[in-house]
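Please look through the structure below before reading on. The paragraphs that follow lead from single residues to the whole chain.

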Amino acid sequence: MSSPRIVSVLCLPARHPYMAKLNRDPIRFVNPGTDYLEDGHLRPDVVFNSHPANSYDVAHLHFSYDRTPTSDLESFVGGLRARRKAFVWTCHSLVSNWGSPDEIRRFLYHQADGVITPTQGCKRALEQRFGVRASEVRVAPLGYMLSPR
């Protein structure tokens with residue numbers, strides 16, 4: 001039996017404890033411990049200079065984008081397209097701690113090669129707000145989380 005193919009992921013952000021649980025075979029983050037969105041800006045030139053196109057298979061955006069200017073996201077996605085890299089967006093919720101406008105989610109929804117959400121309800125809400133995508137929105141439940149007590 002052969003080993004599973006390792007998928008190298010440029011994860012934004014990768015530093016979150018939730019994501020650290022996923023950084024194991026067959027998934028490997030090329031940027032563990034980083035948060036390129038920490039200050040509310042995404043600087044594609046810094047990301048792409050730190051992680052050349054041959055170092056990852058797919059880019060995954062999932063947290064902290066909600067206070068990033070749409071222009072930063074447009075430059076990032078354009079850079080991925082120029083490098084022929086797949087782009088996956090996980091929409092954890094349609095509610096933002098930062099009050100981000102729907103324009104950001106609409107942009108990501110239509111630009112992502114794949115969209116993931118944790119619930120059927122979020123999937124339905126995305127499709128109602130932004131239309132049905134050519135590629136299906138995938139539901140990946142978060143599963144049971146232990147009480148912090």
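Arg84 sits in the loop that joins α3 to β4; helices (H or I, at least four residues) and strands (E, at least two) are DSSP runs, numbered from the N terminus. This is a predicted model, in which local features need pLDDT of at least 70 and side-chain atom pairs count only at pLDDT 80 or more, while totals for chains, interfaces and linings use all residues. Residues are numbered from 1 along each chain as its sequence is written, and side-chain values use heavy atoms, with hydrogens and water left out. Although Arg84 is not a glycine, its phi is positive, at about 60°. Arg84 counts as exposed, with 79% relative accessibility; buried means under 20% relative accessible area, exposed over 50%, and partly exposed in between (1.4 Å probe, protein chains only).

Ser64 also has a positive phi without being a glycine, here about 70°. Ser64 belongs to the loop between β3 and α3, and its relative accessible area of 23% makes it partly exposed. As background, most residues other than glycine have a negative phi, and most peptide bonds are trans.

Pro26 is in the loop between α1 (17-20) and β2. The relative accessible area of Pro26 is 36%, which is partly exposed. Leaving aside neighbours within four places in sequence, Pro26 is in contact (heavy atoms within 4.5 Å) with Pro4, Arg5, Ile6 and Val7. Pro26 and Ile116 are 90 residues apart along the chain, and their C-alpha atoms are separated by 18 Å.

The helix before Arg84 is α3. Helix α3 covers residues 70-82, and its end C-alpha atoms are 18 Å apart. That agrees with the 18 Å that its 13 residues should span at 1.5 Å a residue, because the expected span is 1.5 Å times one less than the number of residues. Which residues of α3 are buried? They are Thr70, Asp72, Leu73, Phe76, Val77, Gly79 and Leu80. These buried residues pack against β1 (7-12), α2 (44-50), β3, β4 and α4.

The strands form an open sheet of 6, in the order β2-β1-β3-β4-β5-β6, with parallel pairing; two strands pair if DSSP finds at least two bridges between them. At the edges are β2 (27-29) and β6 (138-139), each of which pairs on one side only. Strand β5 (residues 114-117) pairs with β6 in the parallel sense over 2 bridges. Ile116 stands opposite Arg138 in β6.

Helix α4 (residues 102-111) packs on this sheet, where it touches β3 (58-61), β4 (86-90) and β5. The direction of α4 makes about 135° with that of β4; axes are lines fitted to C-alpha atoms, for helices over the stretch in contact, and angles run from 0 to 180 degrees between N-to-C directions. In α4 the buried residues are Ile104, Arg105, Phe107, Leu108 and Tyr109. They pack against β3, α3, β4, β5 and α5. Helix α5 (residues 120-130) lies across β4, β5 and β6, and runs at about 135° to β5.

Now the whole chain. The protein has 5 helices and 6 strands, and from the N terminus on its elements run β-α-β-α-β-α-β-α-β-α-β. The radius of gyration is 15 Å, close to the 15 Å that the globule rule gives for 149 residues, so the protein is as compact as a globular protein of that length. This radius is taken over C-alpha atoms, and the globule rule is 2.2 Å times the number of residues to the power 0.38. The C-alpha trace spans about 40 × 40 × 35 Å along its principal axes.

Of the 149 residues, 40% count as buried. Among contacts between residues at least 6 apart in sequence, 61% join residues at least 24 apart. The accessible surface comes to about 8700 Å², and 52% of it belongs to carbon and sulfur atoms. Accessible areas come from the Shrake-Rupley method with a 1.4 Å probe; for residues, only the protein chains shown count as cover.
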